[in-house]
Structure formats: C-alpha cells, structure tokens
Amino acid sequence: MPDIDTLFLFGSNPNEGHPIISLYLKEAIANGARLIVGDPRKTWMAKRADVWLNLKPGSNIAMLNGIINVILENGWENKAFIASRTEGFDELRAKVKEYDLDRVERLTGVGRDRIIEAARLYSQADKAMIVYGLGVTEHRTGTENAMAIANLALVCGQIGRPATGIMALRGQNNVQGASDLGPLPATLPGYQSVADAALRGKFEKAWGVKIQDKPGLKSVEMLDECRRGNFKGIFILGEDPAHTDADAKHVQEALAAVDFLVVQDLFHTETTRFADVILPGASFAEKDGTFTNGERRIQRVRRAVTPVPGMAEWEVICRISTLMGYPMAYNHPSEIMDEIAGLVPIYGGISYDRLEEKGIQWPCPTKDHPGTTTLYTDLFSRPGGLATFMPLDHQGSGEVPDEQYPYVLITGRIREHYNNGSMTRRSAGIAEVVPEELAEINPADAAALQINDGDWMRVSSRRGELKVRAKVSDRSQAGNVFMTFHHQDTLTNILTSGFRDPITGTPEYKSCAVRIEALG
Amino acid sequence: MTSPATIVINGKEVQFTGGQTILEVCRGAGVPIPTLCHDNRLKPYGGCRLCIVEIKGVPRPLASCTTPAEAGMEVTTESPRLTRLRKTVLELLLSNHPNDCMCCEAAGNCGLQTLAYRFGARLDRFPGEQWQLPIRQDNPFITYEPNKCIVCGRCTRICNEVVMAGTISLVNRGFEVMPDTAFAKPRSLDNCEFCGQCVSACPTGALTDTKGRGLGRAGDVTKVKTTCTYCGTGCNFFLNVRNDRVIRVTSDLNAPVNHGNLCIKGRYGYDFIHHPDRIRTPLIKEGDGFREASWDEALTLVASRFKALIDEFGPEKVGGFSSSRCTNEENYLMSKWVRTAVGSNNVDNCARV
C-alpha cells in the first residue's frame, strides 16, 4: 500500500472506522501519493486531499459515471486492458455519455474542475487504488455503487497489479468469516449454493440430513415475516438489530411479534428486551476460535480467561442441537475447523497448527498451499475470465429532503466507539471521553436554526424523533447532519429509513430526510 | 531494490537487499544489537548511539540503524571498545533517571533496565542535576512520568510519523528537552486520539497505561496472543492476564497486519470483559421481567420450544441470525444447526446490516 501513486478513497473514513488501515494510507500519502476523497463529509482525509469530491449523499453513480465520461472524452482510458480483459465496453461508453459535466455537477453538487482533476489523477497514475467503505454499500443502490467503482477501475486498468485494485473496508471483526462460513440463506459454508445438487449432496453426506434446495429468508425478510405473524422462532446470536438495524421501530415491532425469541449476548441490549430466553455470551477473550479479516486472513482468537457464563457460544449451539435430536459434539473449536476444511474448498488447507504463528489468507485449498494474497492477477472469477462493464443509472436516495424534512441525515461511526456501543461504553476511559451522542451540524445550518454548540435539538424523520446535543462543525456540509449509532439512549436508527438494496438487503443507513428543531 | 549482495558480520558472510540498514541486516541474521531509540515502525533516527558497530576501514564506530549496508562491508558488532562506549551511553542516561525500578510500572519490560543490567552500568558514574518533575495523569489512559524519559523520541515520532496525530513533540532545548503536548495542555480528544501508540513505543516507564497501573508488571502476567474483536482490520495483540483477569493489552510487534500498531478500541477497549453488567446466567422471561435459570433448564426450554414450533408450523418458520462478532467456528455451527436440527435455510448474518 505505501507504493500507491494515487489513492481514491470513496465513501470511507478510515481514520474513524479503520484506524490501523488509515495508518498505511497515511504512509502512502506521506510518500507522495496523490489523494482523491469522495465523501459528503469533510473528514480528516478530505481536508488533506488533492481533490475532495464533496458529493451529495446518494449521488455516487452519477459521480462515477461523470468521472468515467471525462476519462473517455480525454482518451485517458487503458485501451489495452479494456480490449484484453473486459467485455461490454461499448454499452458502458454509451451510458456514461449521458453524464456530461453539466448534469453531473447538478446531480452531485461537485464543481467540474474537481471532477476533471479526479479523473486525471486516477486514470493517469501508474498505480492507483480505490478504497471504499460503507458510504458506498449502505445505500439502496449499494450493489450498483460498487459496480460503478469496478467500472472505473476496469476502464483505467487499475486492477490486478500490486498497489492497484479495489479494496472494500469491512466493518466488523468477523464480517468476512461470518459470510464465508455459511450463515447465508442461499449458500452453504464456502459460498456453495444450496440450489446446486452436487454441492448440497456433499453436505448432506457429511451432515447426514436432507438439505432444502430453496434459499431461505434474509434476516430483514425474516423480520418482515414476523410482523405479518408468519414467522415463529428466531435464535439471535450476538447481534442487536433492535438498535443497529435501520428503521429500528419496524424491527422492534417484528421482534415483539415473533412467538419465541432466543438472544445470546454479553450484555442486556435493545434486542434482549424482546427475548423469551436470554443466553449469556462469552467474549473473544474467553474462547478459542478464528476470525477472518477484511483481506481474507484467517487468524486465531485465543482463550485468555474463563468464560464468564461458564461456556462459549459454540458449546451452547452444540447442546441445543443435541437436545433437538441432532447430536453435535466437538472437544475443541479446532475440530470444527477440521470439519470446515473438509467441506469448504477455500478453507481446505486450514488447521489450527498452521495458524499458530501467523494467519493464512484464503483461498487456501490444501495443507501445503501458502494462501493467496492478491486475487484476479490474470483472470476474473467469471466464465471466460473477462470482467463485464455494467452500464448504470443515477437513482438517488430512497428519501430525499423536502420542505417538511429538509436535512439529510448521514449515519456512521466514530473511532472511540463500536456499533451499539455495548462494549466500548463499558470500557473505562472511553465512556469518559465520549459519554454521549453529538450530532454534527454545519455552522450555517446551526445559525439559521439558532442552535449553538452543545445545545439540545430535536431531530425527527417520518419514522420517529429523538433529542440530541449539537456539535457545530464544518465536517458536515450545509444541508447534512451526521450522527453515530453508538448510544443506547440516542437510538439513531429510529430515524433511518426502510429503503434497502434489493440485492444485498443492506439498508440505506447513509441517507434519510430529517427535520431539526432547536430545544435550547 | 537491487539484487542480493553480501556483507560480513563478525566474520560471517550475510546476504542483504539494497536499502537495508546494517541494523536490519544484523537482526535479520539473528545478530543482536542493543537499541533504545529504534522501533521497526519508525524511520531510522540514530539518537541513542547504542547500536554503534565497527566497520573495517572506518575510523570511528557508526550507528548501524542509520548506516545503509554496502556490499563487501566488514562489520563487527561486539568489541571491548563498543562495550565501553555503550556502557558510557547508558551511564549518561542513568545520570538523569530515577533509581526506582522496584516500584516502576515498566520493570521487566524496560529497555533501559535490561541494557543497564546487561552492561553492568553504574548509576552514579555521572552525578549531576536530575529532573524533578511531577507525574502527569491528566487523562484516563496515559500516565506520563517525565523523570523517566530518556528523550529517545520514539513517542513523538510514532505520534507524528505513523499516526500523524501531532499530539506531542519534543519541546524546549538542551537539558530541558522533553516530549510534551502543545503548551503542556492536558491530553483530551481535542489534541489526542488516545491510541496509546506512544506508550507502546516508550522503552522506559515514562509513558505507561494508566488503567493497568498497579495491577501487575511484565513478570506477573501471562501474555495471550489474539485477534481484536472490534473492526475488520484483524489486528493482533497480547491480552495480559493475571489471576484470570485481563489487566492490559500490549502490542505484538510481529503481527502481520498491524505490526504492533493499535487504536483506542484495541488497546483500551477491554474493560467490558469483566464488567459487572455482563449477563452471567441464562434468563427466562417471566411476567414483565426475567428470572435466572440454570443452563440445563434454559437450553431444554429453548430446544423444546423450537422443536414444538417446527412440528406445528414447519421448519421454514424458524431461523437463526448469526453474528459477525462470533468466531468462524460458531458461524459454521449456526449455519449447520439451522440446516440440520431446524431443517430450513433461514440463516443469515449481520454482514448486510
């Protein structure tokens, strides 16, 4: 990473969300890398950027189409790469042509000079990397936003070489592993489709049961069914959807409606309030296991102290399953990993003895395979190995500001706290330096609303309202207000909207319309 | 990068790569060289002069941390002259250092203590003026004892070079030089990220973690290497455990992802583990509240209720939410449980929300 010539940071604030990754980006910048930042907020990186694309929330696709159009108009594209590694370029060219600078300026609010300079810096760099975050995916067009980023990288051939490519910063410690290991409705562990009879058969043989060939419901769909009275029982492991899901009231209604709810967690949360049975969880310091990080590196987690509740989650699942008539028994999590290695090819070479010193990056198919650091060096993971351009159109956010709700609420994280805050709020010192939620509001908006720094204000959306103190700061641009979701006494997600990406089901956390009133 | 060439270290030929310093080549070859101001996370500094080596044809010893290796160099890392010079350097440092290892937080984890012991440095060789500055605890995380500072600059360099926070720098001149915040203002979020990187870089007891003070020193703890539970970066660190309690987090300088760097959450976000609010026993809803139950009772109830719902409404009416916070093994088991004991595909994790 320190060798990057141009870094394009899009919808990501690593100084707050991924502080250690930000250190490598800072090193690259100190080594002379040019920096483009696409973010509606004036973040640490935006302040230091060569070009800050201060786009309106929800205008990612218009922004990226506009940049690609500038690149093509100037002949800055990588023609050799497009010819040898991609398909569908003409369709893309025709689509982005509709995004001339006048239109893109109007849709994004970003001045044309900045757009042209960003296009030049990214396309003309020898090695340019795009790092993106939840500002891309947490929109109703999240998947398309990510595709638009891929279009840009492919047009410029900035992929498949060291210090190039696209890096998505994953949010949670084991969000990668949790997807890899199969708690997904359409895929068995290792992204192996439930619809594929041969793959299903492999698991049926190993597990000794018949597996349904129809995909199940996504979490958000299970909750929707609960509200309709159509869903009867849920086991929630270490998650707090009543606090962290968008449109939290809607979620709370669903959890109240389900017949039988089991929640396992370290602490009482918004979600445990709705439980029929609460099971105590064990923290990462109390159990053996592995986490897989955002670069697919499988690393050990080690038991350092006795589990507070007496046993860890893996033991609890085994006991419940056994009591339900499907016996599960393992002496140690390493035996579970051995079973995984036998069924999941990308984890095929993983065993605890190999992880003792350092982690291994999947795909690691065999015991003597060293793991894989860079993907797609010569072929993309599609039939034929060519990448396909996706012509995309600007749609905007599901909810846009209007007379009644004139501001855009952007939600996100700060460095000091983590998600629902149940852990960081209970860590001495952290609770002291950031004891409460502060909503960031632009000085001009604050003046118009007669709000001073530290004043209470009421923030309301079509779904709910809350009281919060103001932090007057130019980190928020005029018209935008920023809040985190770390505090249980300020449930930001009762404001966020129910719009979701139709493919991933990811809610539009990054943009909804709110009204702000001074409370003095 | 040029092609591999060799230098001779203590009579043995060793390969090196262009751009490597003599210190890097020596340490790579397993030849120990004492340092105090060096930190792999930082640029070479050449401040402490303990890493001096003799190079054939060069009249005076050179700092190995700032001298690039050149093909054909003949390097000597141990000699009576080097030992004498290193001992003198240490004795000069000790001339302005409190002699309180017996109650110092860093004892057992102090570069100065280790090297003073190794070289048999005397505390009283250079008697003279000593700093008499008060201990500073102006924030919840970082204790500063300026009297123990040897002005190696590791704290200020990691703050500016690596974190780029600009919280502290070396202030004053001459004998008065010390690391400090601007205008000696207390550390707060206005001027500090509280990542504790400066503490991890400090080779003495000048900067220590406030929360762990008095709870156990290096020799009292078991260090358990693990992976952070917060964001998806995958930083490794050591949980320092004493009497079945985590009392501190320390850097793992060999960690492949973070190389010993940590943020406020990784280094200081551990108290939740032993927090009194932890749920300790299963709880079963009763009326408007919950009553405590044994694991046997709770799990029997859970299993029988799920089983009854599956029997009455079918497996497709039951499901599980797995967790990005749990281990791979637990996520696998959750996926397996829904597909076997329950019999549906209604399993998802919080990656999408």
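How far apart do the C-alpha centres of domain 1 of chain B and domain 4 of chain B lie? They lie 55 Å apart.

## Basis of the model

The model is predicted: local features need pLDDT of at least 70, side-chain atom pairs count only at pLDDT 80 or more, and totals for chains, interfaces and linings use all residues. Residues are numbered from 1 along each chain as its sequence is written, while chains are lettered from A and ligands numbered from 1 in the order in which they are written.

The model scores ipTM 0.91 and pTM 0.92. For chain B the mean pLDDT (the predictor's confidence in each residue, from 0 to 100) is 95, and 98% of its residues reach 70 or more.

## Domains and annotated spans

Domain bounds come from an automatic or database domain assignment. Chain B is divided into domain 1 (5–78), domain 2 (218–278), domain 3 (279–307) and domain 4 (314–353). For chain A the assignment gives domain 1 (6–169), domain 2 (175–361) and domain 3 (407–518); the C-alpha centres of domain 1 of chain A and domain 2 of chain A are 35 Å apart.

Helices (H or I, at least four residues) and strands (E, at least two) are DSSP runs, numbered from the N terminus.

## The interface between the chains

In all, 98 residues of chain B are in contact (C-beta atoms, placed from the backbone, within 7 Å) with 115 residues of chain A. Helix α8 (residues 328–342) of chain B supplies the largest share of the side of chain B that touches chain A, 13 residues. That side divides into 50 nonpolar, 27 polar and 21 charged residues, where Ala, Val, Leu, Ile, Met, Phe, Trp, Tyr, Cys and Pro count as nonpolar, Asp, Glu, Lys and Arg as charged, and the others, Gly among them, as polar.

Strand pairing (at least two DSSP bridges between two strands) also links the chains: strand β9 (residues 233–237) of chain A runs parallel to strand β15 (residues 318–322) of chain B, joined by 4 bridges. The bridge partner of G233(A) in β15(B) is V318(B).

Helix α4 (residues 154–162) of chain B is largely enclosed by the rest of the structure, because 7 of its 9 residues are buried. A residue is buried if 20 or more other C-beta atoms lie within 10 Å of its own, exposed if 12 or fewer, and partly exposed in between, with C-beta atoms placed from the backbone. Among the buried residues are R154(B), C155(B) and V162(B). They pack against α2 (19–30) of chain A together with β7 (168–171), β8 (178–181), α5 (197–201) and β9 (207–209) of chain B. M164(B), which follows α4(B), has a positive phi, near 55 degrees.

β7(B) and β8(B) run antiparallel, joined by 4 bridges, with I168(B) opposite T181(B). The two strands form a hairpin with 6 residues between them, and N172(B) in the turn has a positive phi of about 70 degrees.

## Residue E87(A)

E87(A) is placed in strand β4 (residues 86–87) of chain A. E87(A) is partly exposed, with 14 other C-beta atoms within 10 Å. Not counting residues up to four places away in sequence, E87(A) touches L386(A) and T388(A).

Conventions:
Contact = placed C-beta atoms within 7 Å.
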